[in-house]
Amino acid sequence: MSSNTIRIEKTTQSKIGSTDFSNLEFGAVYSDHMFVVDFKNKTWENPKITPFQNLTMSPACSVLHYGQTVFEGMKAFRADNGDILIFRPEAHWKRLNQSCKRLCMPEVPLELFMEGLTELVKLDNQWIPSLEGCSMYIRPFMYASDEFIGVKPSSTYKFIIFTSPVSGYYKGSVKVIVETEFVRAAEGGIGYAKTGGNYAASLLPAKQALEKGYHQLLWTDSKEHSYFEESGTMNLMFVVNDTILTPPLSSSILAGVTRDSILTLANDLGYKIEERRISVAEIVEALENKKLQDAFGTGTAATITHISQIHCNGKDYELPAINTRKISNALNDALMNIKLGKAEDKFGWNFRIKK
Ligand SMILES: *Cc1c(COP(=O)(O)O)cnc(C)c1O
C-alpha cells in the first residue's frame, strides 16, 4: 500500500485556533482529523483520512453488546529541530495484533498501520506545539461493526486512529491500596489484551478505592490475592536493595511498552532487575523494615508515576520522598530524553517524521 491509496478529506473548519494548548484536559480535546479503514470481505479496504467526526451505527452493532474491541495508546513528541518523534509505533502495532488475536479480530498489516499513522500525524502536526511538555496522544482502536446480536466474531470491523494533544501536566505521586477482593484479570482471561472489558471491570473497585481516599489500586493475583500484578492501568515496579522488582508477564498482565523500555534502559545502565512473582507479604515486610526504596507505575501517559503511600492490611505506609528515588528518577529522565530526541536513540525506538 502506498500513501496515495489513502483518500484524504481535509477539514474546512480547523479547531486549532480555538484550542488553548497551555490548559488541556487529558483525553478531552481531539485534533482535526482521523484515519479510518474498514474490514469487509476478509480484507482491509477503503483507507481514508476524514475530519474528526461522530460514527453512526446500528443499535444492534455487535461491539455495543459483546465488547469485541481493542485499543492502543502511544505518543508523538516534537523534537527541538521541529521533527516529530513517535515512540515505538511498531511495538504498539505488535501488541494491537496480539490483542486482536485474543479477541478473534483481524490483524492490521504493519504497512497499513504505519501509513495511516504517518499520514494522520503529518496532516495534524500543528497539534503538537513546541511548548514544553506538550505531546500528542495517539489512540488507534478497532471495533466489531456487524449489525447482529448473536454471539459470534463479527465479520466486519473498523480500525480508526485519532489523536489528542496533551499538555505538560504536573506529575503528582499517588496513594494506592492493595486490592484483595476484586481482580482486574485472571490467568487465562483477557488481561494481556488492551480491550475495553478489562477497564469496565476495573471501574467499580477503582471508584471504591477513590472513596476511601486512594488514587489507584494495586491489583493482586486472582487465586490468592497474594502476589502483585499491576498498579491501576500501569505496570508495577518496586525497588528493594537497589534492585528493581517487577512481576513477570503473564496472561493477566498487560505487556507495557513503557515497562519494556524501562527494563531495557535499566539493564543498559547496569541496574539489577528481578522479573519474578512478588508477594504482598514480601513488600509489607520491606515497608515495615524501611527497606522499600521505591514503588512506581509505568505507562505511556505519564511514563513513571511514583507511589507515595501504600495501604495494606489496614495500615498506611509512607514511602521515601520522591527526590530520594534515584533509580526511577534516572530512568524516567533517560527515557524522556530519548522520547524528546535529546539523547541518543540507541535502541531505535523513535519513528521520525521530518518537519
Ligand atoms: C496500557 C496499559 C499499561 C501500560 O502500557 P504502555 O504500553 O506502557 O502504555 C499497563 N497496564 C495496563 C492494564 C494497560 O492498559
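Lysine 42 is exposed, with a relative accessible area of 77% (exposed means over 50% relative accessible area, buried under 20%, and partly exposed in between, using a 1.4 Å probe and protein chains only). Lysine 42 sits in the loop between S2 and S3, and its phi is positive, about 65°, although it is not a glycine. Asparagine 41 is in the loop between S2 and S3 too. With a relative accessibility of 65%, asparagine 41 counts as exposed, and it has a positive phi of about 50° although it is not a glycine.

A word on the model itself: it is predicted, so local features need pLDDT of at least 70 and side-chain atom pairs count only at pLDDT 80 or more, while totals for chains, interfaces and linings use all residues. Residues are numbered from 1 along each chain as its sequence is written, and side-chain values use heavy atoms, with hydrogens and water left out.

Next comes the stretch around H1. Alanine 60 lies in the loop between strand S3 (43-51) and H1, and at 22% relative accessibility it counts as partly exposed. Alanine 60 and phenylalanine 148 are 88 residues apart in sequence, yet their C-alpha atoms are 5.6 Å apart in space. Leucine 64 is found in helix H1 (residues 62-66) and is exposed, with 52% relative accessible area. Together with Leu55 and Met57, Leu64 makes up a nonpolar surface patch with about 260 Å² of accessible area. Patches are built from residues with over 30% relative accessible area and no salt bridge, joining like charges within 9 Å and nonpolar side chains (Val, Leu, Ile, Met, Phe, Trp, Tyr) within 5 Å; the areas come from the Shrake-Rupley method with a 1.4 Å probe, and for residues only the protein chains shown count as cover.

On to charged pairs. Side chains of opposite charge can pair when their charged atoms come close. A salt bridge here is a side-chain nitrogen of Lys or Arg within 4 Å of a carboxyl oxygen of Asp or Glu, and a search of the whole structure turns up 14 of them. One of these joins lysine 158 to aspartate 38, with the closest N and O atoms 2.6 Å apart. Lysine 158 belongs to strand S8 and aspartate 38 to strand S2 (residues 33-40), so the pair ties together parts that are 120 residues apart in sequence. Lysine 158 is partly exposed at 21% relative accessibility, whereas aspartate 38 is buried at 9%.

An α-helix has 3.6 residues a turn, so residues three or four places apart point the same way.

Aspartate 268 and lysine 346 also meet in a salt bridge (2.9 Å, N to O). Aspartate 268 is in helix H5 and lysine 346 in the loop between helix H7 (326-339) and strand S18 (350-353), so this pair links parts 78 residues apart in sequence. Aspartate 268 is partly exposed at 37% relative accessibility, and lysine 346 is partly exposed at 47%. Elsewhere, salt bridges with shared partners connect Glu274, Arg276 and Glu282 into one network.

Helix H5 (residues 257-268) has 12 residues that should span 16 Å at 1.5 Å a residue, and its end C-alpha atoms are 16 Å apart, which agrees; the expected span is 1.5 Å times one less than the number of residues. Buried residues in H5 include Val257, Thr258, Ile262 and Leu265. Just after H5, glycine 270 takes a positive phi of about 85°.

One cavity of 30 Å³ or more is found in the whole structure. The largest cavity has a volume of about 40 Å³, and its lining includes Phe87, His92, Val257, Thr258 and Thr300. On a 1 Å grid over the protein atoms alone, a cavity is a set of points where a 1.4 Å probe fits but cannot get out, while a pocket is an open set with protein on both sides within 12 Å along at least five of seven lines; lining residues have an atom within 4 Å of a point. Grid points are joined across faces, edges and corners, and a volume is the space filled by probe spheres set on the points. The largest pocket holds about 730 Å³ of space. Among the 33 residues lining the largest pocket, Phe26, Tyr137, Thr233, Thr300 and Ala301 are the closest to its centre.

Notes
Helix = DSSP H or I, 4+ residues; strand = E, 2+ residues; numbered from the N terminus.
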